[in-house]
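Please keep the structure open while you read.

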Amino acid sequence: MSKNRTIFVIFGGFFLLSCILIPLFALIVSLPPEHSVRRVVVTTFWLCGFVGLPLFVVAGLGWTLWDNWQSRQVARHLAGVLGLEPLHNAPNLMQQWYGGWLHGRAFGLKPVVFLSRSYDGAHHRSSFQATFYLRMALAVNIPQPLNVTVERTHNDHSATTSLSTAFPTLEHGERLPHRAQDALLHFVQQGDRNLRLLDRAAVPDALMPPEILTDAIIVLIHDQARPRSMTPTALEVLLNELSMVAAGLEEADPKGELG
């Protein structure tokens, strides 16, 4: 279950409980002051207010910190289970890439976090939310650059009915054969996924540092949402799906003539 959905369930349950308890409390406090039931309920109310509410806030903060810490550990945990190796020595877990080989293609993965901002115009307040993803990059075995840019990010939610609508950033997509276009399109149609196809030399350092997949000419990059739900088996399935996209590109260029 995602963090937002969990919070929604907690506060939804709290709201429903309040709808029941508030009328009941109003009925009880209408009893005479000396009534034993009223005394017990009022005492319990003050105890909950001074003790229960702070505990609820502390528990919510603790859960958020724990969830963030677990999300930072996902790539390292998966690497340990699957026997992946660190691809470099990063100063912290959020910059550390792990990698291996799948069907003759090099791949790497790491955790990433995106900050989103929301603005409450009524109260003139801004709030920020951190959302974690698991980034994975896969080399495509094509011997020369494609000079093609195909990008759909985690913020893009346009229709996926065609290559041009599915990938808001699309440069020279017409150079790709229909088989390769279909492979890219099929991947993003599964659950509104994001995907990037770039020449390795054109990948910004912020997306993937230069020491990662240095021998790759073309790379596919995908950011998977809800990384804490990513099991080793689920990761292998997703990497296989990316590998099928890579195979579609490679099969469309059997003689290395794309680009």
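1. Start with a term. A residue is buried if its relative accessible area is under 20%, exposed if over 50%, and partly exposed in between, with a 1.4 Å probe and protein chains only. Helices (H or I, at least four residues) and strands (E, at least two) are DSSP runs, numbered from the N terminus.

2. Know the ground rules. This is a predicted model, in which local features need pLDDT of at least 70, side-chain atom pairs count only at pLDDT 80 or more, and totals for chains, interfaces and linings use all residues. Residues are numbered from 1 along each chain as its sequence is written, and side-chain values use heavy atoms, with hydrogens and water left out.

3. Now the overall plan. The protein has five helices and eight strands. From the N terminus, their order is α-α-β-β-β-β-β-α-β-α-β-β-α. Of the 259 residues, 38% are buried. Take the contacts (heavy atoms within 4.5 Å) between residues at least 6 apart in sequence: 57% of them join residues at least 24 apart.

4. Look at strand S7, residues 195-199. Five of its five residues are buried. Which residues lie on each side of S7? Leu195, Leu197 and Asp199 are on one side, with Arg196 and Leu198 on the other. Both faces are covered.

5. S7 has partners. Two strands pair if DSSP finds at least two bridges between them. Strand S5 (residues 149-152) pairs with S7 in the antiparallel sense, over three bridges. Here Arg152 has Leu195 as its bridge partner. Strand S8 (residues 218-225) also runs antiparallel to S7, joined by four bridges.

6. Turn to two helices. Helix H4 (residues 178-189) packs with helix H5 (residues 232-251) at about 165°, and their axes are 7 Å apart. Axes are lines fitted to C-alpha atoms, for helices over the stretch in contact; angles run from 0 to 180 degrees between N-to-C directions. H4 and H5 are therefore roughly antiparallel, a label for angles over 145 degrees.

7. Finally, the contact itself. From H4, Arg179, Ala180, Ala183, Leu184 and Phe187 take part. They meet Leu238, Glu241, Leu242, Val245, Gly248, Leu249 and Glu251 of H5. By class, the contact has eight nonpolar, one polar and three charged residues. Ala, Val, Leu, Ile, Met, Phe, Trp, Tyr, Cys and Pro count as nonpolar, Asp, Glu, Lys and Arg as charged, and the others, Gly among them, as polar.

How values were computed:
Parallel < 35°, antiparallel > 145°, perpendicular 65-115°, else oblique.
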